[in-house]
Amino acid sequence: MLAIIDYGAGNLRNVAMAFRRLGVPATVTADPAQIARASSLVLPGVGSFGDAMANLRAHRLDAPLVAALRDGVPFLGICVGMQVLFEVGEEMGEHRGLGVLPGRVRRFDTGVTIPHMGWNQIRQTLSTPLWHDVPDGSYAYFVHSYFCDAADAGVIAARTDYGRDFVSAVVSGNIAAIQFHPEKSQDIGEQILRNFARMAGIATEAP
């Protein structure tokens, strides 16, 4: 079962529908027991780092999520779902993240329009099945004001430029995460979701 974690954020149904269009059954759930049993997990996210972590803890979803990640369950984080993997977020004060990956989530420098919203290029920096049939330099759709400052360069799978070079995707073992929104990124986003499903061992319809 692919479980899409519901912690009170928006856009969950759009992500679920995007998977279902690929023939991948997806369950939206806020049940810690379902998350603990899931064969693969997706954590979408909109809003702030601190609110996301507070909601995960309030719904008792943080512990089973971290346990699943450490047990090797395939995982895809999207936008704030990527950011909370890191140790600390600096949005409206400092907030402790899940701490699965080393690094901090920082605000973009002054001099650029915030949020970073719209289409931008993803430059692949790591060979990974997540990029199968995704041309290097493809455009994806972003909406965010903070970026992940990953301390381990070995997990960085893509970078994007917005006034500065920032990390737009990471891959580490069973964990994949992207700063952009695949459900809003048309054919490229669909291919990335298809690739994640295949990485997770879930059959999809033919491309």
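**Figure 1. Glycine 23 comes after helix α1 in this predicted model.** The phi of glycine 23 is positive, near 80 degrees. Helix α1 itself covers residues 12-21, and its buried residues are Leu12, Val15, Ala16, Ala18 and Phe19. Viewed down the axis of α1, these buried residues fall within an arc of 155 degrees, so they line one face of the helix. An α-helix has 3.6 residues a turn, so residues three or four places apart point the same way. Among the elements that cover the buried residues of α1 are the strands β1 (2-5), β2 (26-29), β3 (40-43) and β4 (75-78), together with helix α6 (186-199).

Figure 2. Most residues other than glycine have a negative phi. Arginine 60 is exposed, at a relative accessible area of 58%. Methionine 92 is exposed as well, at 64% relative accessibility.

**Figure 3. A cis peptide bond joins isoleucine 114 and proline 115.** The omega angle of this bond is about 5 degrees. Most peptide bonds are trans. Proline 115 is found in the loop between β7 (101-107) and β8.

**Figure 4. Strands β8 and β10 pair in the antiparallel sense.** Strand β8 spans residues 116-121, and six bridges connect this strand with β10. At one of the bridges, glutamine 121 has tyrosine 139 of β10 as its partner. In a regular strand the side chains alternate between the two faces of the sheet. The covered face of β10 holds Ala140, Phe142 and His144. Its uncovered face holds Tyr139, Tyr141 and Val143.

**Figure 5. The largest pocket holds about 170 Å³ of space.** Its lining is made up of 14 residues, and those closest to the centre of the pocket are Gly47, Cys79, Val143, His144 and Ser145. Two elements, α5 (80-83) and β10 (139-144), each give two or more residues to the lining. Sorted by class, the lining has six nonpolar, six polar and two charged residues.

Methods: Residues numbered from 1 in each chain as written. Predicted model: local features only at pLDDT ≥ 70, side-chain atom pairs only at ≥ 80, totals over all residues. Heavy atoms only, no water. 1 Å grid on protein atoms, 1.4 Å probe; cavity = no way out; pocket = protein on both sides within 12 Å on 5 of 7 lines; lining within 4 Å. Points joined across faces, edges and corners; volume = space filled by probe spheres on them. Helix = DSSP H or I, 4+ residues; strand = E, 2+ residues; numbered from the N terminus. Nonpolar A, V, L, I, M, F, W, Y, C, P; charged D, E, K, R; others polar. Buried < 20%, exposed > 50% of the residue type's maximum accessible area, 1.4 Å probe, protein only. Pairing = 2+ DSSP bridges. Arc of directions from axis to C-beta. Contact = heavy atoms within 4.5 Å.
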